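I opened my notebook to jot down what I looked up today. Here is the thing I was looking at.

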Amino acid sequence: MKSQGGVMTISLAVVLGPGGPVGTAWMAGLARGLRDRGHDLGAADLLVGTSAGAIVAAALTTGRDLADLEELPESKVPSAGPERLGEVFALLGKEGLAPDAALREVGLLAAAAAPYPEELHLAQMGWTIGGDPAWPSTPLLIPTVNAATGRPVVWSREDGVPLRAAVAASTAMPTLSPPVTLRGEPHLDGALRAGANADLAAHAGFVVVLEPMGHAFPTPPLPEGAGLKIVPDDASVGAIGPDVGRRAAWTPSYRAGRAQAEAVAPLLSR
């Protein structure tokens, strides 16, 4: 980060997008592989972490040993099937419904269909990000959606909410995880704001975007020279599989991401 005329400019930003548990594993493995090759994504001037990306961004910036994430311990959080996700997307695409109104309806559904208590979700985040660490000194943005108002919120260190809670809220996909309370109000998965939320890094000189679901849901390319978008390669797609919530795919996805770093590292050296 540089200062020009007293205004801080961001040279490099890293955006880590949503992708469920296996997307978390893939990004963690990729980040570890890149770090092994001299490219520390956590050393960027700005990180934007959404949903799965919020977990990895927090781990990268708070000193979590990425090697500890290779194996997924037995979880006390019950697996929630994707059966009701269709209801979420139906509400989001409901004709004549304004975006904030649609998200308020999604918030009501999320509260009614919470598959387990909020406390369990917070405990799970504690393992992935290494306890209950403080916000890092590195600028980190974590988007969520306020379930009560339907409006997006972007959290940072200055907002005073616990990092673990912000990460948990950003991963709270309706019907799969419970809403998470921040400042007395329920919040939902930050991907409901704008996918990977790469717009939050639009002012950076160069942006590296990790999209665990980029192979399945392609997004527009970045402007030439503005950044690098990284999606799973063929081996990683095979490891991730069709169900991003399948816990058995965690370690294979992590290892595939770590292996993919060999091809990605030279792209970051240019």
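My entries follow, ground rules before findings.

**Ground rules.** This is a predicted model, where local features need pLDDT of at least 70, side-chain atom pairs count only at pLDDT 80 or more, and totals for chains, interfaces and linings use all residues. Residues are numbered from 1 along each chain as its sequence is written, and side-chain values use heavy atoms, with hydrogens and water left out.

**Cores.** I looked up the nonpolar core, meaning buried Ala, Val, Leu, Ile, Met, Phe, Trp, Tyr and Cys residues joined through side-chain atoms within 4.5 Å. Buried is under 20% relative accessible area, exposed is over 50%, and partly exposed is in between (1.4 Å probe, protein chains only). The largest core has 51 residues, and L16 and V167 touch the most other members. Leaving out residues up to four places away in sequence, V167 touches A54, I55, A58, M125, I129 and I142 (contact means heavy atoms within 4.5 Å). A second, separate core has 13 residues, including V106 and A147.

**Helix 5.** Helices (H or I, at least four residues) and strands (E, at least two) are DSSP runs, numbered from the N terminus. In helix 5, I found H121, L122, M125, G126, T128 and I129 buried. The buried residues of this helix pack against helix 2, helix 6 and strand 7. G130 follows helix 5 and has a positive phi, near 85°.

Most residues other than glycine have a negative phi. Still, S51 has a positive phi of about 55°, and S51 sits in the loop between strand 4 and helix 2. T175 also has a positive phi, about 75°, and lies in the loop between helix 6 and strand 7.
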